[in-house]
Amino acid sequence: MRVRGSTGGGRRAAPVHRAGRHLHGGPLAYAVLSLFALGSLFPLFWTAVTASRDNTRLARTPPPLWFGGDLPHNLARAWGEAHMGLALFNTVLVAGTAALGTVFFCTIAGFAFARLRFRGRRGLLLLTVGTMMVPPQLGVVPLFLMTARLGWTDQLQSVVLPTLVSAFGVFFMRQYLVEALPAELVEAARVDGANSWRVVWHVVFPAARPAMAVLAMLSFVQAWNDFFWPVIALTQENPTVQVALTGLGRGYVPDQAVIMAGALLGTLPLLLAFALFGRQIVGGIMRGAVKG
C-alpha cells in the first residue's frame, strides 16, 4: 500500500538518489583535480627538462623551463658512468623477488592471524604491528654484522632477504582477509578434506587476489626506491639503481644534467610498468574496495 505524505509548508521532499547512480563532478572539481595532476607531474617534467640541458645553462638565472637538445648525450653519459644496465637488472631482480616474497609470506601470515585460532595470536599480532614503530635505522648495525658474518657483503641476497616480509604487509592482508574471507568458506574446505596448504592455495589466494595486487605494487615500488640499506650493503661494482645514482656527478662541480639523466633512467621502468599494468592494478584496488 502506498502511503502519501507531505512535508510541512507544502514543500516537496528531497529527491532520493538510487544506488549505483553515477555522480558527476562540476567544473570546480575538475579544476582542482587538474591542479593536483599538474603538481604531481611537475617533478617528472622538471627532471626531463634538466636532463636535456647542459650544466652551464642550468647555472644561469632564470632556469630553463623547456627541453633542450642534450638529452641523448646526457642519457648516454649516465648509462656508461653509473653502469646503469647492471643496476637496472639488479633492481628488477631485487624488487621483483621482494614483491613476490612479501605477497606470499604476508598473505599466509595474514590468513593465520585472520582465520586460524592458536594460543598467543593477539600477542603476536600486537608484537608484529609494534615493530612498525621501531625506526629501521636502529637495525642497520646488527643487520650489517649479520650480513658480513654470512659473507654476503656486496651481494644481492643481503638486500633481498630483509625485505621478503613486512609488518605492514602482514597487517594489511590480515585486515583484508577478515572481511573478504568468510570463516564458513574455510570450514567448508576443511570438511571437503583440504589440508592447510590446499586451503591457502585454492581458497585464500583467490579471495585475496585484489589485496595481493595492491601489496605487490607497493612492495615493488618501495624496493625499487630503497636507498638507505642498499647503499650500505652494496657497492658501485654490483649496484641497484639508487646506489648507482650516487656515483654520478662526482667532482668539484657536480654535473646536475647527468645526475637528472640518471634519475630519469631509473624512473622510466616504473612509469612503463604502470602504463602497461595500471588498469589491472586500479581494477584490483576497486574490486577490493567494493568487496563485502
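Reader: Which residues of helix 9 meet Ser196, Val199 and Val203 in helix 10?

Author: In this predicted model, helix 10 contributes Ser196, Val199 and Val203 to the contact. The residues of this contact divide into five nonpolar, one polar and one charged. On the helix 9 side they are Leu185, Val186, Ala189 and Arg190.

Reader: Is helix 9 parallel or oblique to helix 10, and why?

Author: Helix 9 covers residues 183-191 and helix 10 covers residues 196-207. Their axes lie 10 Å apart, and the packing angle is about 130°. An angle over 145 degrees would count as roughly antiparallel and one of 65 to 115 as roughly perpendicular. The angle between these two helices therefore makes helix 9 oblique to helix 10.

Reader: Is the crossing of helix 9 and helix 10 left-handed or right-handed?

Author: The two helices pack with their axes 10 Å apart. Their crossing is right-handed.

Reader: How many helices and strands does the protein chain have?

Author: Read along the sequence, the pattern of the protein chain is α-α-α-α-α-α-α-α-α-α-α-α-α-α. The count is 14 helices and zero strands.

Reader: Where in the protein chain is confidence highest?

Author: The protein chain averages a pLDDT of 80, and 84% of the residues score at least 70. Confidence is lowest in helix 2 (residues 55-58), with a mean of 71. The highest value, 90, belongs to helix 4 (residues 84-115).

Reader: How many contacts beyond near neighbours in sequence does the stretch of residues 288-292 have?

Author: The pLDDT is below 50 over residues 288-292. Where pLDDT is low, the predicted coordinates should not be read in detail. In the model, the contacts of residues 288-292 beyond near neighbours in sequence number five.

Key:
Residues are numbered from 1 along each chain as its sequence is written. This is a predicted model: local features need pLDDT of at least 70, side-chain atom pairs count only at pLDDT 80 or more; totals for chains, interfaces and linings use all residues. Side-chain values use heavy atoms; hydrogens and water are left out. Axes are lines fitted to C-alpha atoms, for helices over the stretch in contact, and angles run from 0 to 180 degrees between N-to-C directions. Helices (H or I, at least four residues) and strands (E, at least two) are DSSP runs, numbered from the N terminus. Angles under 35 degrees count as roughly parallel, over 145 as roughly antiparallel, 65 to 115 as roughly perpendicular and the rest as oblique. A crossing is left-handed if the near helix is turned anticlockwise from the far one by less than a right angle, and right-handed if clockwise. Contact means heavy atoms within 4.5 Å. Ala, Val, Leu, Ile, Met, Phe, Trp, Tyr, Cys and Pro count as nonpolar, Asp, Glu, Lys and Arg as charged, and the others, Gly among them, as polar. pLDDT is the predictor's confidence in each residue, from 0 to 100.
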